[in-house]
Amino acid sequence: MRYDLTDLRLFLNVHEAGTITGGAGRSHMTLASASERIRGMEQALGGPLLLRERRGVQPTPAGRTLLHHARLMLAQMEQLQAELGDYAAGVKGHVRLLCNTSALNEHLPSVLGSFLLQHPGMSVDLEERASAEIVDALRRELCDIGMVSDSVDLEGLQTFAFCADPLVLVVPRRHPLAQRRAVRLDEVVDQPFVGLVEGSALQAHIAQHARRLGRRLAYRIRLRSFESVCRMVGEGIGIGIVPRTVAVRSGRTTGIKRLALLDAWAARHLVLCVRDAGGLPAPAQQLLQHLLSAATKKPARGGLAGDASRPFRSAARSG
């Protein structure tokens with residue numbers, strides 16, 4: 001069974017358009033040519049990929065499987081073309097790095113800045129994802145390095161400690177909870193919250209744990225940065241959950257009080273993970289070593305989660 005990239009792109013276009021005619025147009029083909037290609041794909045499979053209906057077409061179960069893999073393969077091809085384009089433009093290396101919200105906002109900017117200064121011919125493709133999505137992308141070889149919370153299942157990946165990254169509750173200084181030192185999520189889940197915008201990996205993580213309590217957090221406002229969350233909490237608008245590093249930095253200027261979260265999922269560490277460090281491309285190996293070097297230089301109060309020079313094994317917790 002042989003499908004070329006033109007076949008895959010055509011099939012994806014047909015699905016998105018809902019008709020073979022529409023898919024042919026998007027693929028810059030004649031209807032006859034597109035129909036012939038799809039028939040050839042179905043003959044190679046030995047069964048139908050599309051259900052022809054009066055108002056268009058729908059994928060069969062085999063067609064849905066083909067769609068899934070077509071999207072992956074075309075995305076990888078686009079990534080390949082982009083990276084090769086970088087080389088043509090003089091870039092000497094390209095690394096794909098996925099990280100969670102806290103890593104993106106708190107820990108990576110300065111470390112990546114120093115790496116790029118030291119390696120002017122390198123580029124880093126950095127993207128925020130939920131930790132569970134990142135480990136899945138690593139297993140499917142869709143990225144080189146991930147920085148995730150150790151609360152996810154890390155089975156089958158090589159992992160290295162980076163730093164402690166506990167989550168804390170922040171409340172206004174005059175809030176009734178400000179007299180407490182620690183709380184659990186189930187004690188505050190019905191309070192009005194201030195959070196990050198829709199799509200934030202951290203906010204999705206917190207919402208998941210609220211759902212496990214059978215509740216849904218009520219947000220009065222959602223903002224784009226942790227600092228903005230702390231400022232709004234300090235104004236008395238609601239309470240919020242942020243990394244401890246943010247709460248410590250913002251405490252004096254925003255009028256907030258931080259409380260430890262007693263839930264196991266909040267006592268998290270950030271870890272670097274790869275499929276196989278020895279099998280990484282040279283640019284990714286260089287970035288991994290740079291990140292591990294930065295981890296060993298973190299002050300003790302940053303909560304280093306063990307020796308970053310050795311693989312880190314964490315008992316996976318739900319979340």
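**Note on helix packing and selected loop residues**

1. Helix α5 (residues 101–118) packs against helix α11 (residues 282–296) at an angle of about 130°, and their axes are 10 Å apart. Axes here are lines fitted to C-alpha atoms, for helices over the stretch in contact, with angles running from 0 to 180 degrees between N-to-C directions. That angle makes α5 oblique to α11; under 35 degrees counts as roughly parallel, over 145 as roughly antiparallel, 65 to 115 as roughly perpendicular, and the rest as oblique. The crossing of α5 and α11 is right-handed, a term used if the near helix is turned clockwise from the far one by less than a right angle, with anticlockwise giving left-handed.

2. On the α5 side, the contact with α11 (heavy atoms within 4.5 Å) is made by L108, V111, L112, S114, F115 and Q118. From α11 come P283, Q286, L287, H290, L291 and A294. By class, the residues of this contact of α5 with α11 are eight nonpolar, four polar and no charged. Ala, Val, Leu, Ile, Met, Phe, Trp, Tyr, Cys and Pro count as nonpolar, Asp, Glu, Lys and Arg as charged, and the others, Gly among them, as polar.

3. On provenance: this is a predicted model, in which local features need pLDDT of at least 70 and side-chain atom pairs count only at pLDDT 80 or more, while totals for chains, interfaces and linings use all residues. Residues are numbered from 1 along each chain as its sequence is written, and side-chain values use heavy atoms, with hydrogens and water left out.

4. The chain has 11 helices and 13 strands, which are DSSP runs numbered from the N terminus (helices H or I, at least four residues; strands E, at least two). Of its 319 residues, 46% count as buried, where buried means under 20% relative accessible area, exposed over 50%, and partly exposed in between (1.4 Å probe, protein chains only). Among contacts in the chain with a separation of 6 or more, 73% join residues 24 or more positions apart.

5. F226, E227, C230, R231 and G234 of α9 meet V246, R249, S250 and T254 of α10. The contact of α9 with α10 has three nonpolar, three polar and three charged residues.

6. Helix α9 (residues 226–234) has F226, S228, V229, C230 and V233 as its buried residues. After α9 comes G236, with a positive phi near 90°.

7. H175 sits in the loop between β7 (167–172) and β8 (182–183). With 16% relative accessibility, H175 counts as buried. A polar atom of the H175 side chain lies 3.0 Å from the backbone nitrogen of L177. Leaving aside residues up to four places away in sequence, H175 touches Q191 and I239.

8. Most residues other than glycine have a negative phi. H28, not a glycine, has a positive phi of about 60°; H28 lies in the loop between α2 (20–26) and α3 (31–45) and, at 75% relative accessibility, counts as exposed. E141, also not a glycine, has a positive phi of about 60°. E141 is in the loop between α6 (131–139) and β5 (145–149), and its 49% relative accessibility counts as partly exposed.

Technical notes. A polar contact is a pair of N or O atoms within 3.5 Å; within protein, one must be able to donate a hydrogen and the other to accept it, and residues adjacent in sequence count only if both atoms are side-chain atoms.
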